[in-house]
Amino acid sequence: MANASGFFTHPSLSSMRTRTHLPITVSGSGFRVSKRFSKRVLCSTLSSLDNNASPSPSQYRPPRLVPSGCKLIGSGSAVPSLLVSNDDLAKIVDTNDEWIATRTGIRNRRVVVSGKDSLVGLAVEAATKALEMAEVAPDDIDLVLMCTSTPDDLFGAAPQIQKALGCTKNPLAYDITAACSGFVLGLVSAACHIRGGGFKNVLVIGADSLSRFVDWTDRGTCILFGDAAGAVVVQACDIEDDGLYSFDVHSDGDGRRHLNASVKESQTDGGLSSNGSAVGDFPPKQSSYSCIQMNGQEVFRFAVKCVPQSLESALQKAGLPASSIDWLLLHQANQRILDSVATRLKFPPERVISNLANYGNTSAASIPLALDEAVRSGKVKPGHTIATSGFGAGLTWGSAIIRWR
């Protein structure tokens with residue numbers, strides 16, 4: 001069976017084993033599970049040996065990996081305590097509540113306060129709630145995926161989350177940087193680790209604190225963003241119970257000019273000098289990241305064109321019609337985008353999950369945050385099928401068709 005590192009140990013020295021499962025194929029950028037059952041016989045090279053005999057290295061061959069399904073079994077979320085309303089923003093920038101709400105659907109957002117909140121702290125709180133709902137202990141986690149573009153540490157936040165959760169077995173933990181598409185890509189990565197690596201429990205966290213990179217004098221961007229964290233537990237299961245039906249993921253670097261936060265050099269050299277060095281540009285100047293730069297109209301055009309196409313592709317790979325989907329859950333960027341995509345896919349408004357008004361655009365946190373609220377309110381129930389899509393900086397975008405529990 002598989003251990004947390006994805007390696008396999010021979011379970012027994014029995015000569016033959018027959019298993020029934022669904023074969024998995026990869027189509028385009030998504031998984032697809034065949035609906036036809038097939039039986040495969042896994043033959044051990046030790047069939048001629050006595051059960052008590054020890055195999056020689058030349059005789060031993062590890063068993064093949066049996067395809068595994070995976071499903072979401074727990075969710076959690078956390079937000080900073082500071083609430084900033086549209087009226088609060090109107091005190092520092094030329095805007096008002098009606099102007100913001102009409103154009104974006106946003107009325108409030110939560111903002112991390114230095115010294116009181118941290119992104120790791122929010123991520124740990126969300127992850128703890130997800131583990132409790134899933135009834136999975138921290139030591140049973142095989143992998144922690146932290147989807148964020150704003151870590152507290154340049155080298156990543158996932159290991160700090162792993163430590164704070166009390167995962168004493170040192171499971172793998174790493175960051176995924178894909179901004180508003182990060183959580184969907186985290187689900188893709190979790191599925192790959194489970195299906196191909198033998199992992200059992202994967203914690204996927206989406207968390208961002210974009211408020212630290214917002215120009216609060218720029219009316220075009222400061223009204224949009226908030227901070228939050230959301231998490232889910234993805235667990236291996238029998239292939240017949242698979243709950244991550246398909247994915248469709250893309251990127252286009254040409255779109256970077258429409259949405260970015262680039263590295264910029266400091267205007268001073270920090271007190272360093274070349275000391276007569278022949279290398280005139282050394283030492284380099286200290287750098288930092290600029291505030292978020294966004295062409296709102298171009299990002300809107302990109303989203304309303306690419307997101308419906310991606311969702312339609314994911315539905316096709318899953319072999320499901322749009323009418324079979326219980327909920328549409330998009331990255332919470334702008335209510336106009338949500339409405340436009342729903343109209344294109346002929347989803348009724350009452351089946352579109354939206355909490356944008358309360359939190360704004362929380363980047364990688366927006367999908368798991370909205371999912372957790374919908375689950376805990378009883379809106380999303382076990383067995384419900386969800387079409388979800390993330391899109392944003394990079395430009396990147398991706399969709400997933402999933403079943404809750």
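Me: Buried means under 20% relative accessible area, exposed over 50% and partly exposed in between (1.4 Å probe, protein chains only). Why does Gln332 count as buried?
Reply: Gln332 has 0% relative accessibility, which is under 20%, so Gln332 counts as buried. This is a predicted model, in which local features need pLDDT of at least 70 and side-chain atom pairs count only at pLDDT 80 or more, whereas totals for chains, interfaces and linings use all residues. Residues are numbered from 1 along each chain as its sequence is written, and side-chain values use heavy atoms, with hydrogens and water left out.

Me: Where is Gln332 found?
Reply: Gln332 lies in the loop between strand 17 and helix 8; helices (H or I, at least four residues) and strands (E, at least two) are DSSP runs numbered from the N terminus.

Me: What does the side chain of Gln332 reach at 2.7 Å, and what at 3.0 Å?
Reply: The side chain of Gln332 reaches the backbone oxygen of Leu330 at 2.7 Å and the backbone nitrogen of Asn355 at 3.0 Å.

Me: Which residues is Gln332 in contact with, leaving aside neighbours within four places in sequence?
Reply: With contact taken as heavy atoms within 4.5 Å, the partners of Gln332 are Leu338, Ile353, Ser354, Asn355, Leu356, Gly360, Asn361 and Ser366.

Me: Which residues have the most contacts inside the largest nonpolar core?
Reply: They are Leu311, Leu328, Leu330 and Phe391, in a core of 40 residues. Helix 7 (296-318) is among the elements giving two or more residues to this core, and the largest share, nine residues, comes from helix 7.

Me: What does Leu311 touch, not counting residues up to four places away in sequence?
Reply: Leu311 touches Leu328, Leu330, Val341, Leu345, Ala387, Thr388, Ser389 and Ser399.

Terms used:
A nonpolar core is a set of buried Ala, Val, Leu, Ile, Met, Phe, Trp, Tyr and Cys residues joined through side-chain atoms within 4.5 Å. A polar contact is a pair of N or O atoms within 3.5 Å; within protein, one must be able to donate a hydrogen and the other to accept it, and residues adjacent in sequence count only if both atoms are side-chain atoms.
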